[in-house]
Amino acid sequence: MNVFTSVYMNDTAWLDSSKDRLQSTLDIAAWFYDLLDIKINHKKCELIVINPSIHHSLCNVTLDINRYTWISINLQESRYLGVWLSHKKPKQRNKDRIIKIRDSILHSMKSKRISIAHAIYIINKVMYPRIAYISQSLILTKSEWDAIERPVFGFIKKIVSLSASYPTSALHHEGILDLYNLWQYIVTNHLTNFFKRINSNTMDGNAALIRLRQGQIRMHLPGSIFDTSSKYMPLYMAEFKSNLKSIV
């Protein structure tokens, strides 16, 4: 399955397997833009190259029909539709970004007089959804998510005047504060998106099924990948991380 273009409103992404193939697509786009007298802002164009076969200084492409302006490879990060992409695995950067969102929201609440109900609402309905959106391409362990959530517990206990030793599990009880559990929220969000994807008759749904079958073949499973016994999972964890993380 090949996907060469992704478009949403005025945000366009072109994808291909080589510089020449990508430049050929950009030449067609440049001709179309020139025909309609559309000016392209090359300063807002970014190029990401994954596993280049040539030096990054030779990976430049252009959307200029006259070949005056060229787009150089971005060695940092690029933002597309609110998701940060990079030629390297951006796990630590995304994790730092999540911590920054958490700290920013907690800091803004600390400087205001708000009720506990208001604070719970902001955390459940504003902070956690933002974190879940950024974490769509990020896999962290439960202990890592617990560490990210720990300052939230401290903030809630402080405004409710609870001792630090008060059991955090009580904060999640719907009859007490009904604070969402971040780990459960992230897992639920990932699973919901995953099941919606594999049960949809769309391009990303078909791609997910292909990746599942690839994982099943690489792990030499005779049956469905969902029927694998949990006792064998440590043997398959490396393959799981390399093959399935893009869809879960």
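Helix 3 passes helix 6 in a right-handed crossing (right-handed if the near helix is turned clockwise from the far one by less than a right angle, left-handed if anticlockwise). This is a predicted model, in which local features need pLDDT of at least 70 and side-chain atom pairs count only at pLDDT 80 or more, while totals for chains, interfaces and linings use all residues. Residues are numbered from 1 along each chain as its sequence is written, and side-chain values use heavy atoms, with hydrogens and water left out.

Back to that helix pair: helix 3 and helix 6 (residues 182-198) pack with their axes 10 Å apart, at an angle of about 50°. Axes here are lines fitted to C-alpha atoms, for helices over the stretch in contact, with angles running from 0 to 180 degrees between N-to-C directions. Helices are DSSP runs of H or I with at least four residues, and strands are runs of E with at least two, both numbered from the N terminus. The angle makes helix 3 oblique to helix 6 (under 35 degrees is roughly parallel, over 145 roughly antiparallel, 65 to 115 roughly perpendicular, and the rest oblique). On the helix 3 side, Tyr-128, Pro-129, Ile-131 and Ala-132 make the contact, and Leu-182, Tyr-185, Ile-186 and Asn-189 do so from helix 6 (contact being heavy atoms within 4.5 Å). Sorted by class, this contact has 7 nonpolar, 1 polar and no charged residues (Ala, Val, Leu, Ile, Met, Phe, Trp, Tyr, Cys and Pro count as nonpolar, Asp, Glu, Lys and Arg as charged, and the others, Gly among them, as polar).

Helix 3 (residues 116-134) also packs on helix 4 (residues 142-159), where the axes come within 11 Å and cross at roughly 165°. That makes helix 3 roughly antiparallel to helix 4, and this crossing is right-handed too. Residues of helix 3 including Ile-116, Ile-123 and Met-127 meet a set in helix 4 that includes Trp-145, Val-152 and Phe-155. The class count comes to 12 nonpolar, no polar and 1 charged residues.

Next comes helix 2 (residues 91-110), whose axis comes within 11 Å of that of helix 4, with a crossing of roughly 5°. That makes helix 2 roughly parallel to helix 4. Among the contact residues are Lys-91, Ile-98 and Leu-106 of helix 2, and Glu-144, Trp-145 and Phe-155 of helix 4. They divide into 10 nonpolar, no polar and 5 charged.

As for strands, strand 3 (residues 77-80) and strand 4 (residues 83-86) pair in the antiparallel sense over 4 bridges (pairing takes at least two DSSP bridges). Tyr-80 stands opposite Val-83, and Ser-78 has Leu-85 as its bridge partner. The two strands form a hairpin with 2 residues between them, and Leu-81 in the turn has a positive phi of about 55°.
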